Amino acid sequence: MSAAPVAGAQEVGAPVVYTPATPAHLDAIMALETASFVQDAWSREMMHDELTSIHNEYSVAMVGARLVGYAGLRAPERGREADVQTIAVAEDARGRGIGRALMERMLAQARARGMREVFLEVRADNPVAQGLYRSLGFTQLGVRAGYYQPEGIDAIVMRAVLGGEPAAMGAGTEGAR
Ligand SMILES: CC(C)(COP(=O)(O)OP(=O)(O)OC[C@H]1O[C@@H](n2cnc3c(N)ncnc32)[C@H](O)[C@@H]1OP(=O)(O)O)[C@@H](O)C(=O)NCCC(=O)NCCS
């Protein structure tokens with residue numbers, strides 16, 4: 001899957017390469033961020049903090065020199081609960097497994113950091129993302145009414161248990177999408 005060609009990308013037929021994100025990717029990440037989250041894009045400063053936090057692991061999907069996706073996991077050292085902070089794939093590269101590969105990468109990183117559970121929040125009006133998460137073992141925990149402002153869209157809180165006994169929902173989901 002990770003070697004699938006991306007039609008419409010600048011380098012058609014080039015493989016998708018997944019690497020850790022660095023501040024050098026910030027411009028391209030912000031371009032995709034503002035295109036993907038029109039109403040509630042994070043600021044450049046916030047994204048920079050996300051990329052450089054020792055608690056986080058951000059990844060990018062590259063086709064040649066073009067950034068076609070990014071995703072971020074928050075998995076604090078000595079913690080047991082991780083959060084999917086964000087994920088986005090360029091519109092012309094969607095539906096080709098890149099989002100799934102980024103999610104699988106984050107789940108592997110969460111396991112490697114000793115996490116037991118992964119939480120995320122997803123807009124109630126985003127069935128594509130919900131389908132992706134459910135297919136990876138995430139189940140719905142609850143709903144945060146009107147969480148996404150200014151539109152007032154509900155957030156669905158989801159969790160995947162990586163192993164062992166499931167714990168009660170912690171406070172670690174703030175800031176997740
Ligand atoms: C959500 C997103 C990251 C998925 O990325 P993607 O690369 O298109 O996802 P994939 O190609 O790996 O598809 C994974 C799953 O998503 C679902 N999916 C993808 N495209 C879909 C579509 N057009 N309709 C319905 N479901 C779809 C399917 O469950 C698919 O599983 P499958 O491969 O078994 O069919 C992407 O749509 C995106 O960036 N959306 C805008 C930003 C966003 O909403 N981020 C999530 C915030 S919570």
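1. Two residues are said to be in contact if their C-beta atoms, placed from the backbone, lie within 7 Å. In that sense, and leaving aside neighbours within four places in sequence, Val118 is in contact with Ala82, Val84, Leu107, Ala110, Arg159, Ala160 and Leu162.

2. The model is predicted: local features need pLDDT of at least 70, side-chain atom pairs count only at pLDDT 80 or more, and totals for chains, interfaces and linings use all residues. Residues are numbered from 1 along each chain as its sequence is written.

3. The protein has 4 helices and 7 strands, these being DSSP runs numbered from the N terminus (helices: H or I, at least four residues; strands: E, at least two). Along the sequence they follow the pattern β-α-α-β-β-β-α-β-α-β-β.

4. The 7 strands form an open sheet of mixed pairing, in the order β1-β2-β3-β4-β5-β7-β6; two strands pair if DSSP finds at least two bridges between them. Because β1 (16–20) and β6 (139–148) stand at the edges with a single partner strand each, one side of each is left without a neighbour in the sheet. From one strand to the next the twist averages 25°, with axes fitted as lines to C-alpha atoms (for helices, over the stretch in contact) and angles running from 0 to 180 degrees between N-to-C directions.

5. Strands β5 (residues 117–123) and β7 (residues 153–161) run antiparallel and are joined by 7 bridges. Arg123 stands opposite Ala155 in β7. Helix α1 (residues 26–36) lies across β3 (66–74) and β4 (81–89), at about 80° to β3.

6. Which residues touch the most other members of the largest nonpolar core? They are Val68 and Val118, in a core of 42 residues. Such a core is a set of buried Ala, Val, Leu, Ile, Met, Phe, Trp, Tyr and Cys residues joined through C-beta atoms within 7 Å; a residue is buried if 20 or more other C-beta atoms lie within 10 Å of its own, again placed from the backbone. The largest share of this core, 7 residues, comes from α3. Buried residues make up 36% of the 177 residues in the protein.

7. Around the ligand there are 19 residues, of which Arg94, Gly99, Arg100, Gly131 and Leu132 come nearest (a residue counts if its C-beta atom, placed from the backbone, lies within 6 Å). The elements giving two or more residues to this shell are β4, α3 (98–112) and α4 (127–135); α4 gives the most, with 5 residues.

Conventions:
A residue is buried if 20 or more other C-beta atoms lie within 10 Å of its own, exposed if 12 or fewer, and partly exposed in between; C-beta atoms are placed from the backbone.
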